[in-house]
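Hi everyone, thanks for coming. I'd like to walk you through one protein model today, so please have a look at it while I talk.

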Amino acid sequence: MPITCTINPSLGARNTMLTSSETDRLWIQHLYHRLGFGASSTAIQQAIGMTTNALVDQLLNTAAASNHFDPSIFPWYLSSNEGHNTFLHLRNEYITGLLKEPIVNKIVLFWHNHLVATFGGQGHHEVQYLRLLYRHSLGNFKQMVMDIGLSPLMLFYLNGSHNTVSSPNENYARELLELFTMGEYYPPDGSSNYSQQDIEEIARALTGYIYQIPLLHYYDGLDSLQVPTDYYDPNGPQNYPKIRVNHALKDWGSKTIFGQVLDYLPGEYTQPYDIPAFMETAVNEYKRLHDIIFEQRGSQIAYFICAKIYRHFVNQTEDPAIIQQLAQIFQANGFELLPVFKQLFKSEHFFSEGHIGAQIKSPAHFFSSYYQHAGFIFNEDWFNTAWAVNPNYDPNDPYANDILSNPTGDETYNHAYHISTYTVLTGQRIFIPPNVAGWPGHHVWINEQHYVNRRKKLEEHLRHHFNGGGHYPYDTQARFLALIRQLTLEDNNQASLSLYEPEKIVRAVLKHFIICEDMEIAVEPLTFALQHHFPDNYYSPYTPIEYRWHLDRADEMGQPPGITKADIYKQIKDLMTALVQLPEFNLC
């Protein structure tokens, strides 16, 4: 059972019943934006009538239960030939996940940006790294650090496989302390968290680990590091470990870290003659190393991680008192993440007015939120990932694809590729952060070029949805019309006359798609965008109702006179185009 600590009222739970009021709808959107990428109208309706505690529990428990990543969807993962498309496959599948299961995938991306290891065409390594992030995303942070530290991708990225007794490499040891666990200083008192000697000693403890070929060697966390007797048998099982310890490259001496001696226990085998025995000894040393780090610097680790969670999910401006309380909960729960996330997202502090709309969307968030708000349905309104082996694949052809990423010929699949391309053009190449510190985020997401590209690419998306013709198996224009009709009626107590009034339609759409509280300044230009196609008298309350513009009554026969369904769709497209170009659409 999660342990709670004494907390001040602002971090106490805001456990009130959510209603259909404008304020509560804003709070629901705020929660969905920070945990995921915004809420559909359906999600908001489902949240109404729940308490905030129940809603947070439901969202986080569901995310924790779906923290899996199944590599069997990639045929190349089960073969010795990775092909040259593996990164594209992984990225497209992940982007599909952003929209199908936004919460767990957003949290996974957060941890990828924390325990950074850049992808670069090593598909098997990348899948194993991703599986660990999914497994631990709302689990135990200490276990996540330990498992990721020996993953082949991390050994490759931070030169762990080049760290030897004769030539120590401090890259991973330094980042383990500075970026992955505790930071250089402890903010509550300004003290230094570690010394250069600590880095050197940790690097010694991490010597000798190498990752193996062939590609089918398997790594699934520390528990997978059991060496079978047929370790050297090329025809042996495919699930033996993907990494091992090279005895000659390992530093078998004692180390001193944070004043604690890290040595081998009586009976542990350190000689080179029994591979399973000395490898077990090395892994036990690795575990004790992390025990020392988390025991001796537990408060520092808890504060550092909770501060990063706070900046990413709440506000870039830290609140030290709140972070300290979260850190107490984190440490008291043995570095389990789920209790921290639940406490934070249930708190009065999280729902404070100053946090709503206070962050700049990442490119992944920017494009994903468009789909979430529109309520588009996976496999209907947008792409479906489907993999199949190409029977005509020629490995000698550098331009051939070993996998058919779209075997059914469904053109909507290309949305995954388009979104990944759009994020690159706006500053976020998924799975390739700029450096080991990750994407800085927030203001860094916006510069002149990226801001223009955001508007341009989302406008391009809208154009496809309204002019896509046969590119979409379902009528996305009709879905937009139905959504805007629903939003307008919900915002006006189901009054059908509201569908005659462009300004009321605009206000309803603004409240749904924009998280900022006061958007009065945008009402007039958006109303113009919606109604400029026809003379003002079409919208005048003095015009007989049978001749007035009406969101519902336009049909292919042109009723009211001169207005067709195509006209209404064009108006909605112009409204949505103007809306996504608002600066506030970049905020969450």
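First, a caution: what you see is a predicted model. The protein has 588 residues, and 57% of them count as buried. Its secondary structure comes to 21 helices and 8 strands.

Okay, helices. Helix α11 covers residues 275-296, and it packs with α12 at an angle of about 80°, the axes being 4 Å apart. So what do we call that arrangement of α11 and α12? Angles of 65 to 115 degrees count as roughly perpendicular, and therefore α11 and α12 are roughly perpendicular to each other. Which residues meet there? From α11 we have I293, F294, E295 and Q296, and from α12 we have G298, Q300 and I301. Sorted by class, that contact of α11 with α12 has 3 nonpolar residues, 3 polar ones and 1 charged.

Now keep your eye on α12, residues 298-313, and bring in α5, residues 102-112: their axes come within 12 Å and cross at roughly 125°. That angle makes α5 oblique to α12. If you care about handedness, the crossing of α5 and α12 is right-handed. On the α5 side, K106, I107, F110 and W111 do the meeting, and on the α12 side their partners are I305, K308, I309, H312 and F313.

How many of its residues are buried? The count is 11 of 11, so α5 is mostly covered. The buried list includes K106 and W111, which belong to α5, and both are in the group that meets α12.

One α5 residue I'd like you to find is H112. Is H112 buried or exposed? Its relative accessibility is 1%, so H112 counts as buried. What is around it? Leaving aside neighbours within four places in sequence, H112 is in contact with A117, F119, Y129, L133, F431, I432, P433 and W439.

Next, a loop residue. D220 lies in the loop between β3 (209-211) and β4 (243-245). Again leaving aside neighbours within four places in sequence, D220 is in contact with R131, L132 and R135. Also, D220 and L150 are 70 residues apart along the chain, and their C-alpha atoms are separated by 9.8 Å.

Last stop: backbone angles. Most residues other than glycine have a negative phi. N493 isn't a glycine, but has a positive phi of about 55°. Q494 also has a positive phi, near 65°, and isn't a glycine either. Where are they? N493 lies in the loop between α18 (476-491) and α19 (502-513), and Q494 is in the loop between α18 and α19 too. N493 has 74% relative accessibility, so it counts as exposed. Q494, at 52%, counts as exposed as well.

How values were computed:
Residues numbered from 1 in each chain as written. Predicted model: local features only at pLDDT ≥ 70, side-chain atom pairs only at ≥ 80, totals over all residues. Heavy atoms only, no water. Axes fitted to C-alpha atoms, helices over the stretch in contact; angles between N-to-C directions. Helix = DSSP H or I, 4+ residues; strand = E, 2+ residues; numbered from the N terminus. Parallel < 35°, antiparallel > 145°, perpendicular 65-115°, else oblique. Left-handed = near helix turned anticlockwise from the far one by under 90°. Contact = heavy atoms within 4.5 Å. Buried < 20%, exposed > 50% of the residue type's maximum accessible area, 1.4 Å probe, protein only. Nonpolar A, V, L, I, M, F, W, Y, C, P; charged D, E, K, R; others polar.
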